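Here's a quick look at how some pieces of this fold pack together. Have the viewer open as you read.

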Amino acid sequence: MIVEGGRRLSGQLTVQGAKNSVLPILAAALLSEDQCRIQHCPRLRDVETAVEILRYLGCEARWEGQDLLVDATVVSRCDIPDVLMRKMRSSVIFLGAILSRCGHAEISYPGGCELGPRPIDLHLAALRSLGAEIREEGGSLQCSAPRLQGAEIVLSIPSVGATENAVLAACGAEGTTTISNAAREPEIADLQKFLCAMGASVHGAGSSTVTVVGKKPLHGCDHTLIGDRIVAATYLSAAAAAGGEICLKGVDYRHLSTVTTALQQAGCRISCSPESIRLWSNGVLRGVSPIRTSPYPGFPTDAQAEVMAALLCSRGTTVFVENMFENRYRHVPELQRMGADVRLEGRVAVVCGVEKLHGARVHATDLRGGAALVVAGLQAEGVTQVTQTHHIDRGYADLAGDLRSLGAEIRTEEATDEDT
Ligand code: UD1
């Protein structure tokens, strides 16, 4: 991705459907012996991987414009090959859904962005509480649950993925399951909406206690995804840093309040309505109070890198504390190549605003870190070349195209051997 810095951003765009909603929802489609239509579905690498998994399992999946249609009338196998498991972290969410549908599942450990250790112990403990027997054999997980039974599950950490896996398995269990200390992310509420549209009985998503009354099989449904709050946070960060006026549609501003509060404190003017989020920035920002990532409704770890990139030329200092993942500052050395002054110590990063950034050749190290390099490039002097953009494609349907539509000077070029 080639970014020429210094252009102000202006215009309006509709934010893509949420990646973190669509992935568990595609797994949930396995619970219906019918067709589901997922509207406003972003065409992402991770979505393509989920489609590959569904097809491997024997389901039909096809695109109709922006809608993805999944027909899970037939599920002919209950394993996921290692090569698909490794492509993304969310492949593990299929475990609860396959167990629920088939009573048996065989998977290996999932891949995904390298943000430090990302165990699945809570996922497995939740499924075991529901009666699943899980054996590990040479890196593969053999899971068997001919009969799942509703249970009281208490998560020690409000893990998004473990909550989703527990909900999906509980839909296929006999009786009632209560999940306490559940993650409260809006994407879990979206999953609940989808499951209820399929006839499931799920309540409380969005709060810390989710209750599921098992019921099988579920029927097909139509569902429109919520807008992607992290993609919205990326575009707001971009406009905050580059200056200009943008209007984002299709995303719920309440899902972004910690991000908009930080950008307002940095000097942006933001107005929100049920239809849109509008941001004005003169491109001259100031440092803000410490930003500490935490589970929703706290500041999202997925927006940490992008907001950090926006503040690189701010007046003053901003402290970031990353509480969710150990290794989530891999973008920092790349930002330093562009002239950023960021000091790292463990989970703390201190950003001291510099006069200006300069374009450089930098590598996307992970999905959000990659987007942060683009945000930095938009405010840098000269040309920034971001390589390894396959990380970015995992979560943004068209980052370059969207930013171009807002007036950015950004294009994509085929990678050379040197880039890969
Ligand atoms: C989800 C999001 C990801 C986001 C993250 C945190 C999706 C597809 N991905 O990832 O974009 O960055 O939430 O908001 O929705 N943990 C354990 N054991 C487990 C599971 C998690 O210790 O079994 C820990 C993790 O290491 C991490 C914390 O719990 O420190 C939160 O992780 P979790 O909420 O599970 O993240 P994901 O669902 O993987």
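What follows covers a sheet, the helix on it, and a pair of helices, all in a predicted model.

Three of them make an open sheet, ordered 6-8-7, with antiparallel pairing. Strand 6 (104-108) and strand 7 (133-137) sit at the edges; each has a single partner strand, so one side of each has no neighbour in the sheet. Going from one strand to the next, the twist averages 15 degrees.

Zoom in on the pairing of strand 6 with strand 8 (residues 140-144): the two run antiparallel and are joined by five bridges. Within this pairing, Ile-107 is found opposite Leu-141 of strand 8.

## A helix on the sheet

Helix 4 (residues 93-102) packs on this sheet, where it touches strand 6 and strand 8. The direction of helix 4 makes about 155 degrees with that of strand 6.

How do helix 8 and helix 10 run relative to each other, roughly parallel or roughly antiparallel? The axes of helix 8 (residues 229-242) and helix 10 (residues 301-310) cross at roughly 5 degrees and come within 8 Å. Angles under 35 degrees count as roughly parallel, so helix 8 is roughly parallel to helix 10.

Who makes the contact? On the helix 8 side, the residues are Ile-230, Ala-233, Thr-234, Ser-237 and Ala-241. Helix 10 brings Asp-302, Ala-303, Glu-306, Val-307 and Ala-310.

Definitions and conventions: Residues numbered from 1 in each chain as written. Predicted model: local features only at pLDDT ≥ 70, side-chain atom pairs only at ≥ 80, totals over all residues. Heavy atoms only, no water. Pairing = 2+ DSSP bridges. Helix = DSSP H or I, 4+ residues; strand = E, 2+ residues; numbered from the N terminus. Axes fitted to C-alpha atoms, helices over the stretch in contact; angles between N-to-C directions. Contact = heavy atoms within 4.5 Å. Parallel < 35°, antiparallel > 145°, perpendicular 65-115°, else oblique.
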